[in-house]
Amino acid sequence: MSTTTDSPIAHLTPADLDAIGAELDAIRDEVLADLGERDAEYIRSVIKAQRGLEVGGRAALLVSLFPPAWVAGTAMLSVAKILENMEIGHNVLHGQWDWMRDPEIHSTTWEWDSASTAESWKHSHNYMHHTFTNVVGKDRDIGYDTLRLDPAQRWVPYYLGQPVYNLVLAAVFQWAIALHDLEMAEVRKGRKPWSVAKEELKSIGRKARKQFAKDYVLWPLLSGPSAVPAFAGNLTANLVRNVWSHTVIFCGHFPDGAITFDYEESQLEDETRGGWYVRQLLGSCNIDGSSLMHLMSGNLSFQIEHHLFPDVPSNRYAEIAPRVRELCERYDLPYTSGPLLTQYLQVWRKVLRLSLPGGGEQAPAPFATDLPDVAAADPRPLAAVA
């Protein structure tokens with residue numbers, strides 16, 4: 001790997017990378033060692049609140065011929081679905097709460113309210129995305145096989161429609177993610193056996209049927225005379241959850257300041273622990289906001305901290321963030337954070353610009369090192385840390 005003078009971390013030495021890795025490892029270990037009852041009480045209280053909102057929302061939709069009941073029921077169900085996906089499901093499936101050894105709140109047993117199966121999502125997200133964050137050609141979450149979000153992606157006329165594709169993607173986000181997990185592009189290229197994809201498709205199909213039946217058949221039927229408005233309420237709640245999830249995730253990965261990497265496989269093999277951490281820093285963006293904003297985003301408003309420490313409980317990101325920012329200031333590293341609207345408008349500007357040919361120069365490879373593979377020397381597997 002070569003270092004260029006215009007790289008945001010060209011000033012870092014291999015020793016700096018090593019020190020950054022050790023310091024961030026120490027922060028992670030310190031927080032994990034401090035986990036206890038207050039953390040367990042936090043996730044249990046969020047789950048309790050989420051389930052209460054869902055029960056209240058569905059109960060109101062049973063009598064949703066009465067317009068105020070429809071509005072209240074749809075609002076409560078929308079919030080419940082957002083909390084279940086963002087602050088609970090996403091983080092439970094990262095293993096953030098496995099330390100509690102509670103079989104009901106564990107990454108191996110949790111099945112979330114989404115079209116994606118937990119197992120397929122853990123592979124495509126926990127492993128592929130978090131290990132190869134923003135590496136063009138390795139991280140399939142760059143554009144979700146639908147959009148061109150990096151100038152290194154070859155332009156074809158198909159991308160002229162990507163402003164429309166992005167709107168559709170937001171509206172059907174949970175279903176798009178489920179199909180994304182199948183990696184059909186890898187099947188077409190012959191790198192993934194069709195037999196494997198076929199079994200995964202069956203699994204996703206079973207999950208999708210359950211989701212569809214629950215929201216669009218069972219609950220509307222139980223609503224009797226209110227079946228049609230109850231159906232509309234469930235549809236609206238899913239739409240709100242999909243659009244919100246899409247917004248938060250895109251604002252954490254694609255605004256101005258988020259850097260992508262055009263690496264060869266051999267360069268990734270030589271990446272050190274500090275190098276991996278710095279790539280997470282450069283490829284992620286935070287969203288400024290209130291405590292409510294952080295809760296409703298699943299604390300992915302602290303996307304930088306989440307990418308550094310995906311297995312650390314999300315309620316700890318707010319206290320970790322100042323330490324990470326201070327480290328960035330000390331090593332003259334960018335720490336990208338901004339208001340939701342600003343980030344969202346930047347994402348849309350990128351979507352629009354890259355729907356056309358060109359789009360700017362690809363950011364240079366940000367660092368080089370000939371240090372031994374520190375990540376491989378750590379007894380924790382990279383996938384567990386990533």
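Here is a friendly chat about the surface, cavities and pockets of this predicted model.

Student: Is L222 buried or exposed?
Tutor: Let's start with where L222 sits: helix α8, which covers residues 194-222. A residue counts as exposed when its relative accessible area is over 50%. L222 has 52% relative accessibility, so L222 counts as exposed.

Student: Which residues make a nonpolar surface patch with L222?
Tutor: Good follow-up! The patch has an area of about 340 Å². Along with L222, its members are L62, V63 and L218.

Student: What is the volume of the largest cavity?
Tutor: First, a cavity is a set of points where a 1.4 Å probe fits but cannot get out. The model has three cavities of 30 Å³ or more. The largest cavity has a volume of about 350 Å³.

Student: Which residues that line the largest cavity are the closest to its centre?
Tutor: The lining divides into eight nonpolar, 16 polar and three charged residues. Elements giving two or more residues to this lining include α3 (67-93) and α9 (227-253). Of the 27 lining residues, the closest to the centre are W112, W121, F173, I177 and I249.

Student: Which element gives the largest share of the lining of the largest pocket?
Tutor: This pocket holds about 710 Å³ of space, and 23 residues line it. Two or more lining residues come from each of α6 and α7 (184-188). The largest share, four residues, comes from α7.

Student: How many residues of the largest pocket's lining are charged?
Tutor: Nearest the pocket's centre lie R140, D145, A185, E186 and K189. Asp, Glu, Lys and Arg count as charged. Beside nine nonpolar and four polar residues, the number of charged ones in the lining is ten.

Methods. Residues are numbered from 1 along each chain as its sequence is written. This is a predicted model: local features need pLDDT of at least 70, side-chain atom pairs count only at pLDDT 80 or more; totals for chains, interfaces and linings use all residues. Side-chain values use heavy atoms; hydrogens and water are left out. Patches are made of residues with over 30% relative accessible area and no salt bridge: like charges are joined within 9 Å, nonpolar side chains (Val, Leu, Ile, Met, Phe, Trp, Tyr) within 5 Å. Accessible areas come from the Shrake-Rupley method with a 1.4 Å probe; for residues, only the protein chains shown count as cover. A salt bridge is a side-chain nitrogen of Lys or Arg within 4 Å of a carboxyl oxygen of Asp or Glu. Buried means under 20% relative accessible area, exposed over 50%, partly exposed in between (1.4 Å probe, protein chains only). On a 1 Å grid over the protein atoms alone, a cavity is a set of points where a 1.4 Å probe fits but cannot get out, and a pocket is an open set with protein on both sides within 12 Å along at least five of seven lines; lining residues have an atom within 4 Å of a point. Grid points are joined across faces, edges and corners, and a volume is the space filled by probe spheres set on the points.
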